[in-house]
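Here is a short report on disulfides and a surface patch. Please look over the sequence and the fold before reading on.

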Amino acid sequence: MVSFSSTNSIFLTVFSICTLVQLIESIPVITLPPNIKVPAVLVFGDSIVDPGNNNNLVTLAKSNYPPYGRDFMGGKATGRFSNGKIPSDFIVQALQIKEYLPAYLDPSLKPADLLTGVSFASGAAGYDPLTAKLATALSMDKQMDLFKEYLAKVTAAGGEEKAKSILSESVYLVVAGSDDLANTYYLSRLRNNYDIPAYTDLMVQGASSFIQGLYDMGARRIGVFSAAPIGCLPSQRTLAGGKARNCVENYNEAAQLFNSKLSSELDKLTSGFVHGRAVYVDIYNPLQELIDHPHKYGFEEVTRGCCGTGTIESTVLCNELNPFTCDDVSKYVFWDSYHPTERAYEILFGPIVEKYVDSFELYDLGARRIGVLGTPPIGCLPSQRTLAGGKARNCVENYNEAAQLFNSKLISALDKLTSKFVHGRAIYVDIYNPLQYIVEHPEKYGFEEVTRGCCGTGTIESTFLCNELNPFTCEDVSKYVFWDSYHPTQKAYELLFGPIIKKYLNSFLCDNGLC
């Protein structure tokens, strides 16, 4: 985005009982499974992911001069609208494809560079055709034309099979919408014949048409970024935030309205895709979190950019002649009055990459019969009775309630996923209630002990504590529901899964047109 405010088979997935989530402020390295490959990343949109396509256009929306790029490759102004790397660079880095994603129109680009991806994005473009026209940027339609040209070059450079692999297996990113709202609707007022609900409909129609076009070309892994909280950008605070330069709430509300419509439209599009999906990528809330809690991330300034006074400068007004540019950019969320700093992008896109990389997984690989096991009654496991069940070693009810809450949410999530699948389904497999029934009625199944495992004392032993040196291991395992303090015995598993297989087999074989 550029501101002209200043310048105009059956798969069973067993969910573990505990999941450790680590929050990091750096770009993770994503190691893909052996059977998954991402040969390239292909990017469309606006200045957030434009690495220099506007450099040779007759437009004010360019940044191929200092101080832009002052922290990029030793201070090289490539046309990226930041002090350093932009989101597309971090994404190819995380996927271990290459260090930077180049501009398709970079004259120094080599044929080999095309095979690992490029960006077609153009600063000041948007889903509304008028947005790019106002800035003489590359429209989304023009970016699509360049993509078609790119495919011909890839075929010539790598052969037809390589081109097919790139087309179907690459990750596609579409980043637009903020310029439509900030520049075309609110600044230029050239769409004042629309109210915000109608204008966001127009934007969504443009987005939908573009994404459907990508799918029709052969794209299967499409990530679509939301609009940002545009009312909190420094330029918009200056233009419409009053003397106090507050966030402009109605601008943010417009962005949220567009985002909700975009998310729904992507769900609708995906439901019509035979293979592949279009995934909504939320950038609004992570950026708003940085703005609302800057000190949590080591920032000191969120209302101004580093370049110039930081209140209005962007593109041509952010230049090396401006004496007010900051010395320590690490304190700033925004580089200029519109675009985040490299450090802000890094903090934003570490969690985003980790969150969304799994969105293109089993179903997109062709899986159609997916069973997902719920969490068991963990509060009745022998180890948990020992650790939290008191002297009487009772079942820990709040642990069981947590498992039930997770299971109910998992059921809803799987139903939502299945509604998007054209063929196939993801089925919730209840393990909680069958195991709980055995725990409560052990004698009905020939068991005598449910509070301890067979191995060792059975109260805490699991993994290395369950070993042949332990003198307390039972002799008759058939009397025990649990083998160690955590895992059921073979007999218990057999009793559990006989009925489960019978119950769920027809769900896999005879629903959603699979019979």
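Which cysteine forms a disulfide with C307? C318 does, with the two sulfur atoms 2.0 Å apart. The model is predicted.

## The C307 and C318 link

This disulfide is right-handed, with 110° about the S-S bond. C307 and C318 both sit in the loop between strand 6 (301-305) and strand 7 (332-334), eleven residues apart. C307 is buried, and C318 is buried too.

C454 and C474 are joined, sulfur to sulfur at 1.9 Å. Their S-S torsion is about -95°, so this disulfide is left-handed. Both cysteines lie in the loop between strand 10 (449-453) and strand 11 (480-482), so the bond ties together parts 20 residues apart in sequence. C454 counts as buried at 2% relative accessibility. C474 has 17% and also counts as buried.

C455 pairs with C466, with an S to S distance of 2.0 Å. This link is right-handed, at 110° about the S-S bond. C455 and C466 lie in the loop between strand 10 and strand 11, so their bond ties parts that are eleven residues apart. C455 is buried at 2% relative accessibility. C466 is buried at 19%, because the limit for buried is under 20%.

## Overall pattern

The count comes to six disulfides. Numbering bonded cysteines along the chain, the pattern reads 1-2, 3-6, 4-5, 7-8, 9-12, 10-11.

## A nonpolar surface patch

L387, I460, F464 and L465 make a nonpolar surface patch of about 430 Å². L387 belongs to helix 13 (residues 382-388). L387 counts as exposed, at 61% relative accessibility.

Key
Residues are numbered from 1 along each chain as its sequence is written. This is a predicted model: local features need pLDDT of at least 70, side-chain atom pairs count only at pLDDT 80 or more; totals for chains, interfaces and linings use all residues. Side-chain values use heavy atoms; hydrogens and water are left out. Patches are made of residues with over 30% relative accessible area and no salt bridge: like charges are joined within 9 Å, nonpolar side chains (Val, Leu, Ile, Met, Phe, Trp, Tyr) within 5 Å. Accessible areas come from the Shrake-Rupley method with a 1.4 Å probe; for residues, only the protein chains shown count as cover. A salt bridge is a side-chain nitrogen of Lys or Arg within 4 Å of a carboxyl oxygen of Asp or Glu. Helices (H or I, at least four residues) and strands (E, at least two) are DSSP runs, numbered from the N terminus. Buried means under 20% relative accessible area, exposed over 50%, partly exposed in between (1.4 Å probe, protein chains only). A disulfide is a pair of cysteine sulfur atoms within 2.5 Å.
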